[in-house]
Amino acid sequence: MQRVNVSRKQLIACVLIVALALVLGVIGVYGLSCRGADSGVKLLQDMRLQAVLNTAGSGAIDAYVAAEKQAATKAAREAGGGMKEVREATAKAETEARARAEELGIGAVDLSEVDTTALGAALNAMVAAQEAYYDEEARAQEAYIALNKDAITAAEDAAEVAEDEGGDAAMEETIDLSGFVATEEMNRLSAEVDSAYLALCEEIKVIFPALTDDILQSLKATITGVMAAAGDTFESRYDRAEASSGMNAGAFGVILRQARTFALTALGLVILALVVFFYAPLVKKMGVPRLIIGMFFLLLCLLALILNLSLTSQLGNTLVRLGMNGVLVLSMLPGIQCGISLNLGMPIGIIGGLIGGLLCIELGMSGIGGFLFACVVGLMISAVTGYFYGQLLNRLKGDEMSVTTYVGFSIVSLMCIGWLVLPFKSPIMKWPLGNGLRTTIGLQSTYKHVLNNFLSFEIFGVTIPTGLLLFFALCCFLVWLFMRSKTGIAMSAAGANPRFAAATGIDVDRMRIIGTMLSTMLAAVGIIVYGQSYGFMQLYQAPRQMGFLAASAILLGGASTSRAKISNVIIGTFLFQGVLTLGMPVANALIPGSTISETLRILISNGIILYALTKSGGDTRG
Amino acid sequence: MAAEYILEMKNITKRYGENKVLSDVSLKIRPGEIHALLGENGAGKSTLMNVLFGMPVIHATGGFEGEVLIDGQSTTIASPHDAMLKGIGMVHQEFMLLPGFTITENIKLNREITHPSLLSRVFGKNLETLDMAAMSQDARRALDSVGMSIDEYTLVKGLPVGYMQFVEIAREIDKTGVKLLVFDEPTAVLTESEAAQLLRVMKSIAQKGIAIIFITHRLDEVIEAADGVTILRDGKFVCETRTADTTVTQLAELMIGRKGESAFVTADPREFPEDTPVALKIRHLAVDMPGEQVKDVSLDIREGEIFGIGGLAGQGKVGIPNGIMGVYDSEGDVELFGEPVRLNDAHAALKSGMAMVSEDRRGVGLLLDESIEDNIVFNAMQVSGEFTKSLLGAKLKDSRKIREHANEMIRELDIRCFGAVQHTGTLSGGNQQKVCIARALTMNPKLIFVSEPTRGIDIGAKKLVLETLVKLNREKGMTVVMVSSELMELRSICDRIAIVAEGEVVDILPVNSSDADFGLAMSGIKPGSASGKEA
């Protein structure tokens, strides 16, 4: 461990940040501890009681006003007035009654004026019953979803929307719960809530004798709604209670409410301070972009916690996406190593894989066999196309970046015609009318999730897609083995220093072709893995952007345009996909209904590529 | 009143950092004189000319000390353009001509004769029309004065190289007010008859009163054409003399000289009997290596000897090992211990038991982003499949064996590093060179080529590299062929030295031959056949 050189400025910044973190941390921890302590419980209970009294009070006023109105109407009728007179009298009575109610203080009861012991007890009993009910509901629904997983998930619409941009942003599945029936336990708990409410009503009537049972029943939804809701947290309860009580809880309330935010911000600040302190070695080890994205990823994690988004399920999604995109990103590696730089012509391989998948559907294969069949066909096609693609690149040495990009674009456009004229017959993939294949083809009947579900298990609420990760690991291992083989080493040398390789009698052109073929073949397998995880195959424009996404992922992992390692692939894919997976819900929570996460994706992927290109011009060791 | 000297450079000293490349050099040129500037590679000729032309590289590295006088007036030359305005022109070694333009256009480039047009009245001088007639007249005159009858409207593209040289000269002569022309190795690319014509042209230019600085290594041309000679050696002024008072042999001796430093490694040269088996037999080797053309080389290298190949840069000595090892295209017959070697096939050359330490260490010699150990075993692994183990039919690298071997090499050659996994790009030049040698040795070669083994490394490392070569030769009986620009080095460890000039072997000299002999050989004159006295 070498000594860390820290400048004065860094040190000052560190101390300031740590001090701020300490303050926030202390406040946050204090707030969190108060939530369970008497003072916190009392504040929340007071606000709830006030909310109940407010609601009940307005009910009482309404009841009083309604009675006055009725009386006025009756009086006006008896006086022989027409419609007009009746209406005027009613309006007048309403205004007067409201003023009088205000004056008499019918609806306004202050907490300090009444004895709240009994009321409080009744309220707490009801809240407890409600919470028990919602817990049970959540559990029951989860069980229901797990049981009927495939029947009720519908992602098709989302996929159709996403495919225009070739993106996978709209990957979440919508869940249809219309078939869900309440369990007996839920019914029992629901009944308990009802009886607790009745008990509460009795107490309310003591304070507001004017209230009738009917009115109280009509107020039930409002009162219970303030107390608890499905998927509740302390913060949301607090917010509702505060809003409907109209109380100002002061600084203590703010501390109580924002305790989590404070504590998490303090945590973030501590991390920031550490980064500032170890800035130089960190930058040296990880490079600026990885540091920025890594910090951004942590920021997103903290934000997700602050916003009460389910971090574990998001991390689970990230794992799925890691396996799903991993092989595609891995396909960049042989290309970079053999000297053709970023293989942005990846769509060539992708198309091979897609044809493999289509053949699998056409021949009616399914399950793991279908998946393997698709892989084999994809490998064969992409081996051939990769060979010719490699020949092309050997003739255009030095301009690989632009050549691969344009080859990628051209092949996608060419296949747009191809998809229309290929003689596939299966109705799953043909448009119902006319010729050609659909833009998005579902894989439910073939190999959807064969890897994802293989040996998958759940831990801490995260579903681990064991098969998918194992397959990715297997691909990584094979590539790693190849890179250690005699041919692999020769290929790397041909990429790193063609003149050196040639002086050792290595056929540089042949090595470049091997690298290009490998890259193309991995891309074919990659898209099949991607498809099985996504559940759909996307034709036409979709493959166009994939090369760029894979390229930015591997660069983010620390690869340069001329050197890459397996670790770059894994780290890069995880960070890149992690930021995207977390970015979307966080962005949606911060700015509802925005497409900011899509913007983020494009920004990150293209920004990373640009950064890497600026680095590749000069000496690779910067 | 004209001064006695058209150009005087007084006590010029130039440092690049700590390194003094010129110290106290003076140069005096009379009007109308052809003055030769002689010196080995690295003697300081180009630096002196860079100073004269005010090249940016001089200013960027801290300027120089000393004084430059033109026509007796002290001046500062700020840039090459400034030099042109002051009447100093340069005929470049590499042609600075635009191939797609006609001779006239090339000659008048950026000095076009124009007359105003409608557009230029509005938009300024850049849009004036060219006066082609006047321009071609000027070009014609210039071409005539260098004795070229070629049509001035011919495109430069496709002209023979000799013609391009003359066009270049014509362009310089055409400049008005030119007082001094520098010819940088003008005859290097010319045929004999063209060279003779060039010398005639130079004389006729000089007769018009234009002084010429003639940089060359061909000593006979100096004697034939030049009036005065200035000789530099190791950045120092050696002497200035009239050609009439000297001979080729004397010039050669002055140019090579005895270097101040003593040999730091000495291996006594050995005499090999005539019937020693021939290790490497080279017949009529021609190599197409850019900048180091080998035209026709025949050599017999005996088994167990340290054979030196010397000569000036660009003369083809480096091309010989590169050609044999298949790095550049080559032709001819090469036999190693009686077995014919397939040319243009690096793999076959390595397989046959030869290895090379390349002069281009960072370019051809190393994988800079790979570890020391991977570099060391690379050839052995690729060529003969050593250091591998089989797994499922694939040959994988055997990390353990590689590490063992690398550590042994690091110890043996004293490679200074943090460990076998350090990247070679982060090593110093000397240690990089040792890695290259280790890589060659790992192949267990019967014959090893070392090309410029001490270029760009410090004295300590130099010593170790040379000692290693001697040790390999004496202890393992390995035949060593060492190519070097540093004659000193060759003389310190070799048994015999072949001197290459213009792509051909001039002579094979014993190590203890005189400086004059080496000097003559380097300028392409076989000692013993030279005019003048033989030392």
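I27(A) sits in helix α1 (residues 8–36) of chain A, where helices (H or I, at least four residues) and strands (E, at least two) are DSSP runs numbered from the N terminus. The model is a predicted one, in which local features need pLDDT of at least 70 and side-chain atom pairs count only at pLDDT 80 or more, while totals for chains, interfaces and linings use all residues. Residues are numbered from 1 along each chain as its sequence is written, and chains are lettered from A and ligands numbered from 1 in the order in which they are written.

With 19 other C-beta atoms within 10 Å, I27(A) counts as partly exposed, a class lying between buried (20 or more other C-beta atoms within 10 Å of a residue's own) and exposed (12 or fewer), with C-beta atoms placed from the backbone. Not counting residues up to four places away in sequence, I27(A) touches I255(A) and F262(A); contact here requires C-beta atoms, placed from the backbone, within 7 Å. L256(A) is 229 residues from I27(A) in sequence, yet the two C-alpha atoms are 9.1 Å apart in space.

Chain A as a whole has 24 helices and six strands. Of its 622 residues, 42% count as buried. Among the contacts in chain A with a separation of 6 or more, 78% come from residues 24 or more positions apart.

Turning to the interior, a nonpolar core is a set of buried Ala, Val, Leu, Ile, Met, Phe, Trp, Tyr and Cys residues joined through C-beta atoms within 7 Å. The largest has 271 residues, and those with the most contacts inside it include A493(A), V525(A), I212(B) and F214(B). Helix α21 (residues 508–534) of chain A gives the most to this core, with 16 residues. A second, separate core holds 52 residues, A93(A), V193(A), L216(A) and A241(A) among them.

I212(B), leaving aside its neighbours within four places in sequence, is in contact with I34(B), H35(B), L181(B), F183(B), M202(B), I205(B) and A206(B). Q207(B), in helix α8 (residues 192–207) of chain B, is exposed, with 9 other C-beta atoms within 10 Å. Q207(B) and E33(B) are 174 residues apart in sequence and 8.2 Å apart in space, C-alpha to C-alpha.

Chain B is divided into domain 1 (7–246) and domain 2 (290–522), with bounds that come from an automatic or database domain assignment. Their centres, taken over C-alpha atoms, are separated by 39 Å. Four residues of domain 1 of chain B are in contact with five residues of domain 2 of chain B.

Between the chains, 26 residues of chain B are in contact with 19 residues of chain A. On the chain B side, α12 (346–351), α13 (361–365), α14 (372–384) and β20 (394–397) each supply at least two residues, and α14(B) gives the most, with five.

As for confidence, the mean pLDDT of chain B is 83, and 96% of its residues reach 70 or more; pLDDT is the predictor's confidence in each residue, from 0 to 100. In chain B, confidence is lowest in strand β19 (residues 388–391), at a mean of 78, and highest in strand β22 (residues 479–483), at 91. Over residues 530–535 of chain B the pLDDT is below 50, and this stretch has 15 contacts in the model beyond near neighbours in sequence. For the complex, the predictor gives an ipTM of 0.71 and a pTM of 0.72.

Key. Contact = placed C-beta atoms within 7 Å.
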